[in-house]
Amino acid sequence: MALDRKPAPNDLNAFWMPFTANRQFKQSPRMFVAAKDMHYTTADGRQVLDGTAGLWCCNAGHCRPLITEAIQKQAAELDYAPAFQMGHPVAFELANRLIDISPKGMEHVFYTNSGSESVETALKIAIAYHRARGEGTRTRLIGRERGYHGVNFGGISVGGIVNNRKFFGTLLAGVDHLPHTHIPQNAFAKGQPEHGANLADDLERIVALHGAETIAAVIVEPMAGSTGVLLPPKGYLEKLRAITKKHGILLIFDEVITGFGRLGSAFAAQHFDVLPDMMTTAKGLTNGVIPMGAVITTGAVHDAFMNGPEHMIELFHGYTYSGNPIAAAAGIATLETYKQEGLFERAAELAPYWENALHSLKGTKNVIDIRNMGLIGAVELEPIAGQPTKRAFSAFLNAYEKGSLIRTTGDIIAMSPPLIISKAEIDRLIGTLKEVLDTLE
Ligand code: PXG
């Protein structure tokens, strides 16, 4: 059947791009047309080294055969099955595999389609959990300044990024925020910084202000990725856990970025040895290939809902695509790839090399801080006076021209390469960045 409308292939107008400077992009577009392992191919045939694993999601690299084949096979065998009141084996198998790699105590998986939906789901479960246990006054949610929890209303409410919030009205009521953990004393610290565990004590102030009996949950990224790699000071997450536990408040770790090997273990909860009540995940769950997220909960959180008549739905929440067969097949193949190739261990092994390479940029023009953990790194630049974000954005454009993909947020350059990166590729990525920074204004 002929389409009655055939847009010219070079018409970029219709697609309103997300989190993009649309007008700048459409004047000089940057298009990827293919990818393999550590590299993208641009429309003009250049190879670009992926320093960001797409958007922190392609942890196994690109177009990996197990994942591609699993998707093809599943699409031909069972494309879709209703997600409510019906099941299919692939979603159950993936849930079991997720529990196998989760911290001990995590027992159940609730599927979503993105990190944002995982966050909304976890916040709703937290409030409903307290109500199910007869504590319906616990409805407040506590996030953190500079936190990123996706872009839906719950997520931007608990999140702490001003531009993601201020255009969108009054947001959720009953939300408060902890202070962020990015303090000047920790500049150029390697790995987990020494100073700032006491910032968690602010939760006691918030509890005293509102009353513990009004607070449902605290949500934090164990390591804040999006706002420029803000690390938890030593002892900070342990304190948050102790205070939340003391006051009967659920602790949610948003592991959308830290999950699936970024820090050298399956989840940050294991890396830091702190067990939250729920973990929100997405991205690396399917290697970014098919949209899928999951909230992983302890037995206690889940079991609080399992009462009432057995024919009744226990949680009035879910998505048409929760546990979609093709996404679930991609998830299984992704976890299998991580396992067969030992990618989480590989990230841990490479972390010291990554740390040294990154910190070799200390002293480079305009570099005011460097932060790292696992296979994550950030290089913070002095902003151009009166033109915040411009210097980092120029670095991004120049690095792309020189064949390396980096990300920027404000004047911070963030990098999170696929866990398959080689030492030579680390040298190339950091070498390109050094060249770029040396030549930038
Ligand atoms: N929580 C966290 C901690 C995230 O990092 C989300 C939730 C939302 O996920 P979805 O799948 O709804 O986008 C995220 C997403 C960047 C960048 O460059 C980070 C994210 C997404 C896109 C870009 O920092 N994080």
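Let me begin with a pair of strands. Strand β2, residues 39–42, and strand β3, residues 47–50, run antiparallel and are joined by 3 bridges. Within that pairing, His 39 of the chain stands opposite Leu 49 in β3. Please keep in mind that this is a predicted model.

Now the sheet around that pair. It is an open sheet of 4 strands, and the order is β1-β2-β3-β13. The pairing in this sheet is mixed. Which strands are at the edges? They are β1, at 32–36, and β13, at 404–405, and each of them pairs on one side only.

Next, the domains. The domain assignment gives domain 1 as 22–60 + 343–439, and domain 2 as 68–340. Between the C-alpha centres of domain 1 and domain 2 the distance is 26 Å.

How many residues are in contact across the two domains? On the domain 1 side there are 31, and they are in contact with 27 residues of domain 2. Several elements of domain 1 give two or more residues to the side that touches domain 2: α2 (53–56), α13 (343–359), β11 (367–373), β12 (376–381) and β15 (412–415). Of the side of domain 1 that touches domain 2, α13 provides the largest share, with 7 residues.

Last, the make-up of that side. Sorted by class, the side of domain 1 that touches domain 2 has 17 nonpolar residues, 9 polar and 5 charged.

That is what I have for today.

Key. Residues are numbered from 1 along each chain as its sequence is written. This is a predicted model: local features need pLDDT of at least 70, side-chain atom pairs count only at pLDDT 80 or more; totals for chains, interfaces and linings use all residues. Two strands pair if DSSP finds at least two bridges between them. Domain bounds come from an automatic or database domain assignment. Two residues are in contact if their C-beta atoms, placed from the backbone, lie within 7 Å. Ala, Val, Leu, Ile, Met, Phe, Trp, Tyr, Cys and Pro count as nonpolar, Asp, Glu, Lys and Arg as charged, and the others, Gly among them, as polar.
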